[in-house]
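Dear colleague,

Please find below the structure that I am handing over to you. My notes on what was found in it follow directly after.

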Amino acid sequence: MSFETASLQPLVVNNKVYTKVINFSGESFIVSKKPYEIVRYSCAFYGSSFQHAVNLSRETIGNHFKLPIVLAHDYGSPCILLPILSPKSDLNIWFSFQAIEAFYPTQKGSTIVLPNGDTIDVPVSTNTISRQIAYSNILSTHFLKRMSHLLNHGFITSRHAVRKTLPID
């Protein structure tokens, strides 16, 4: 996973689950791991754990099912992933919050439009997608407020403050 990843889609071949990774550019490739395994590994790669990311989301949004998570951040901009089904399900599709350009209902659920114009059919209602986007927006806003607070009101705001608080010989 990177900040260029738009979605992680399960792909079942001969009863084995792989992942189709789609980037914002539309480039895609297949990885021989399940989507949840990639998300779990990516959390560890960026210095956290999946459970820690879920706990942070739960503290911010509340105790809901299928919470979006902050995978990492880049210069204060969060990379938020949202699950369509249960996060640990082999059939779950993960989307980057920034990758959902639009969505509309279909007979079998919904279609999500990516920024490059590609579409992905998902087996959930538009209400479910709306809820996931709302949760992601709450998480993003909370994260950005925390980052702003740290930048503007951090523990040490100037070099002068360091001299006042630390004895210097």
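Two rings of Phe, Tyr or Trp, the latter taken by its six-membered ring, count as a pair if their centres lie within 6.5 Å. The model is a predicted one. In it, Tyr 36, Phe 50 and Trp 94 form one aromatic cluster.

Aromatic pairs

Across the whole structure, the search finds 4 aromatic pairs. One of them is formed by Tyr 36 and Phe 50: the ring centres are 5.1 Å apart and the planes stand at 85°, so this pair is edge-to-face.

Phe 45 is exposed, its relative accessible area being 56%, while Tyr 46 counts as partly exposed at 31% relative accessibility.

A further contact with an aromatic ring involves a charged residue. Lys 16 lies over the face of Tyr 18, at 5.3 Å from the ring centre.

Salt bridge

Side chains of opposite charge can pair when their charged atoms come close. The search of the whole structure finds 1 salt bridge. Asp 90 forms it with Lys 34, and the closest N and O atoms are 3.5 Å apart. Asp 90 is located in the loop between strand E5 (77-83) and strand E6 (94-96), and Lys 34 in the loop between strand E3 (28-31) and H1, so the pair ties together parts that are 56 residues apart in sequence. Asp 90 is partly exposed, with a relative accessible area of 32%; Lys 34 is likewise partly exposed, at 29%.

Sheet

Strands of a sheet pair through backbone hydrogen bonds, either parallel or antiparallel. An open sheet of 3 strands is present here, with the order E7-E8-E9 and antiparallel pairing. Strand E7 (102-106) and strand E9 (119-122) each have a single partner strand and stand at the edges, so one side of each is left without a neighbour in the sheet. On average, neighbouring strands of this sheet are turned by 25° against each other, direction ignored. E7 and strand E8 (residues 109-113) run antiparallel and are joined by 5 bridges. Within this pairing, Ala 102 stands opposite Val 113 in E8.

With kind regards

Conventions
Residues numbered from 1 in each chain as written. Predicted model: local features only at pLDDT ≥ 70, side-chain atom pairs only at ≥ 80, totals over all residues. Heavy atoms only, no water. Pairing = 2+ DSSP bridges. Helix = DSSP H or I, 4+ residues; strand = E, 2+ residues; numbered from the N terminus. Axes fitted to C-alpha atoms, helices over the stretch in contact; angles between N-to-C directions. Phe/Tyr/Trp six-rings, centres within 6.5 Å; stacked < 30°, edge-to-face > 60°. Buried < 20%, exposed > 50% of the residue type's maximum accessible area, 1.4 Å probe, protein only. Lys NZ or Arg CZ within 6 Å of the ring centre and 35° of its normal. Salt bridge = Lys/Arg side-chain N within 4 Å of Asp/Glu carboxyl O.
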